Amino acid sequence: MARTSLSRVVAAIAAPPWFAVGLANALAPIQASQAQIQASLAQIHAKLANAHATRITDALTPLPNAAGVLPAAAGIVFPATRGTLDNFTLAECGALLGHYGVPAVGYVANQRNIIRLYCNIPEPAFS
C-alpha cells in the first residue's frame, strides 16, 4: 500500500520549468548526430544496391547527399540504369556531382567515371 501512495505522490510532482529546457539542450546534439547517421546509412544502402548493377539494364539506386537530400528532390536527374549513365551529358554530370559536393573535373567521360566510383557502380565489363 505504501508503494502505491508513493507512486501517486511522485506522479503529482511536476518537473521544474528549467528541466524541459535543459533536457532539450542536452538532446539537441544527439538528435543532430542521429540525423547524420541516418543519412550515412541511406548512402551505404544505396551504394550496396548499386554494387549489384553489373548489366547495362540494371537499375541504379540514387544516393542522398550529405544533408540527406535525394537528387530528384533537388531537381537533379540521377541515372535510372547503367546505360543511362553512359548517355549523361556534361551538364547532367556537373549537376549531379555538384549535388554530392564532388568537383566536376575533366571531360564528360571522366565525370561519368567519377559518378560511377562515387555511387559504387561496378566498372563495365568488356567482352
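**View 1. The bend in helix α2 of the predicted model**. Helix α2 bends by about 30° at L27, the bend being the angle between axes fitted to the seven residues ending there and the seven starting there. A proline, P29, follows within four residues. Helices are DSSP runs (H or I, at least four residues), numbered from the N terminus. Because the expected span is 1.5 Å times one less than the number of residues, the 34 residues of α2 (residues 17–50) should span 50 Å, and its end C-alpha atoms are 50 Å apart, which agrees.

**View 2. The buried residues of α2**. A39, Q43, A46 and N50 are buried, that is, under 20% relative accessible area (1.4 Å probe, protein chains only). These buried residues pack against α5 (108–118), where contact means heavy atoms within 4.5 Å.

**View 3. The packing of α4 and α5**. Helix α4 (residues 90–100) packs with α5 at an angle of about 35°, with axes 9 Å apart; axes are lines fitted to C-alpha atoms over the stretch in contact, and angles run from 0 to 180 degrees between N-to-C directions. From α4, the contact involves L90, C93, G94, L96, L97 and Y100; from α5, V108, Q111, R112, I114, I115 and Y118 take part.

**Notes.** This is a predicted model, in which local features need pLDDT of at least 70 and side-chain atom pairs count only at pLDDT 80 or more, while totals for chains, interfaces and linings use all residues. Residues are numbered from 1 along each chain as its sequence is written, and side-chain values use heavy atoms, with hydrogens and water left out.

Notes. Helix = DSSP H or I, 4+ residues; strand = E, 2+ residues; numbered from the N terminus. Buried < 20%, exposed > 50% of the residue type's maximum accessible area, 1.4 Å probe, protein only.
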